[in-house]
Amino acid sequence: MSAPAAPLAGKVALITGAARAQGRSHALRLARDGAAIIAVDICAHIGSLDGFYDLATPEDLAETVRLVEEAGGRIHAAQADVRDIDALTDAVNAGVDKFGRLDIVVANAGIFTFGEATHEVSEDAWRELMDVNVTGVWHTYKAAAPHLLAAGAGGSVIIIASLAGFKGLANVAAYTTTKHAIVGLMKVLANELGPHGIRVNTIHPNSIDTPMVKNTRTYRLFRPDLEEPKAEDAEAAFAGLNPMGKAWIEPEHVSNAVAWLAGPESYYVSGGQIPVDGGASIQ
Ligand SMILES: NC(=O)c1ccc[n+]([C@@H]2O[C@H](COP(=O)([O-])OP(=O)(O)OC[C@H]3O[C@@H](n4cnc5c(N)ncnc54)[C@H](O)[C@@H]3O)[C@@H](O)[C@H]2O)c1
């Protein structure tokens, strides 16, 4: 028996951090699989990322809308910060008003800072990571839950963790703590939502080809000998982080896992931690 062409036809998916990179790729994939998309992104800068990388822009979010519509999909997009429960709830409610229901949640928005010994991490950097990567994921679920439960038709909550949710990465304390924390949240939710037929899992990517890691600051981690290292200068070091020798995995491979967890073929997969990392977690 072959898989249906549109396994998510009639479903609605909320995706945070959908303006670019992995979030945009998930939006496109789930739309191609038939889901209507509620896309949320901050589209603004966050202070502790100064000197690391910039977040998405309103133009990026508009491009996600254009691409989804070009692919024949339906999308409601809103600028909202996952730290702001009121703004996020308004965005989710507006999307549900438009599409009538909510079945799938992809808690993807996140930020990444690193580089100091744990006792040297600043108060602001620590707090912003906790607020976005942990509280933001809880908020995403909190805003979605009434609609998910009201649909009464099962569903799938997919939380984007990281290799840092498996390992204890030295000099990456705050980020690593956040990605372990959301695994705890996933396990609680898998227990709470199982009786409703709603499944909850984390995905653990490593070194994905996005602005979060494709930037000078991250390259310099591996090439401190260079003032302005480029991707090619750091490529061999990144490739050495997993047994498959892949420096930066394309976002579409993470989207494949998202689509599988969102769809009917993963029914009874709940409480799982799915790596998309070329084997990095066991290296
Ligand atoms: N890139 C990697 O190598 C990698 C590896 C493991 C895990 N991850 C995780 O994957 C997820 C997606 O990251 P990405 O690689 O696409 O990075 P990215 O920085 O390109 O995308 C993240 C998106 O989230 C948005 N965002 C950030 N803070 C937000 C907030 N407070 N509210 C709403 N939106 C917000 C950004 O504007 C951006 O569009 C993150 O959770 C990240 O931690 C990434």
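1. Tyrosine 268 sits in the loop between helix H8 (251-262) and strand E7 (273-276). The model is predicted. The phi of tyrosine 268 is near 80 degrees, a positive value in a residue other than glycine. The residue counts as exposed because its relative accessible area is 77%, and the cut-off for that class is over 50%.

2. Serine 207 also has a positive phi, about 40 degrees, although it is not a glycine. This serine belongs to the loop between strand E6 (198-205) and helix H6 (216-222). Is serine 207 buried or exposed? Serine 207 is buried, because its relative accessibility is 11% and the limit for buried is under 20%. Beyond four places in sequence, serine 207 touches Phe238, Leu241, Ala247, Trp248 and Ile249.

3. Proline 224 is another loop residue, placed between H6 and helix H7 (231-239). With a relative accessible area of 63%, proline 224 is exposed. Its C-alpha lies 45 Å from that of arginine 74. In sequence, proline 224 and arginine 74 are 150 residues apart.

4. Now the chain as a whole. It has 8 helices and 7 strands. The radius of gyration is 18 Å, close to the 19 Å that the globule rule gives for 283 residues, so the chain is as compact as a globular protein of that length. Along the principal axes, the C-alpha atoms fill a box of roughly 55 × 45 × 40 Å.

5. Of the 283 residues in the chain, 53% are buried. Consider the contacts with a separation of 6 or more: 74% of them join residues 24 or more positions apart.

6. Surface and charge come next. The accessible surface of the chain is about 12,200 Å². Carbon and sulfur atoms hold 53% of that surface. The side chains include 22 positive and 33 negative ones. The centres of the two sets lie 6 Å apart.

7. Strand E1 (residues 12-16) is mostly covered, with 5 of its 5 residues buried. Which residues cover each side of E1? On one side are Val12, Leu14 and Thr16; on the other are Ala13 and Ile15. Both faces of E1 are therefore covered, since each of these residues is buried, that is, under 20% relative accessible area.

8. E1 has two parallel partners to check here. With strand E2 (residues 36-41), E1 pairs in the parallel sense over 5 bridges. In that pairing, threonine 16 has valine 40 of E2 as its bridge partner. With E4, E1 pairs in the parallel sense over 3 bridges.

9. Valine 105 stands opposite valine 157 in E5.

10. Alanine 107 lies in strand E4 (residues 104-107). Its relative accessible area is 4%, so alanine 107 is buried.

11. What does alanine 107 contact, leaving aside its neighbours within four places in sequence? Its contacts are Thr16, Val137, Thr140, Ile158, Ile159 and Ile160. Thr16 is one of the buried residues of E1. Alanine 107 and alanine 78 are 29 residues apart in sequence. Their C-alpha atoms are 15 Å apart in space.

12. Histidine 26 is in helix H1 (residues 21-32). Its relative accessible area is 0%, so histidine 26 is buried. Not counting residues up to four places away in sequence, histidine 26 touches Ile15, Val106, Asn108, Ile160, Pro251, Val254, Ser255 and Val258.

Key:
Residues numbered from 1 in each chain as written. Predicted model: local features only at pLDDT ≥ 70, side-chain atom pairs only at ≥ 80, totals over all residues. Heavy atoms only, no water. Helix = DSSP H or I, 4+ residues; strand = E, 2+ residues; numbered from the N terminus. Rg over C-alpha atoms; globule rule 2.2 N^0.38 Å. Buried < 20%, exposed > 50% of the residue type's maximum accessible area, 1.4 Å probe, protein only. Contact = heavy atoms within 4.5 Å. Areas by Shrake-Rupley, 256 points an atom, 1.4 Å probe, with all protein chains shown as cover. Lys, Arg positive; Asp, Glu negative; His and termini not counted. Charge placed at Lys NZ, Arg CZ, Asp CG, Glu CD. Pairing = 2+ DSSP bridges.
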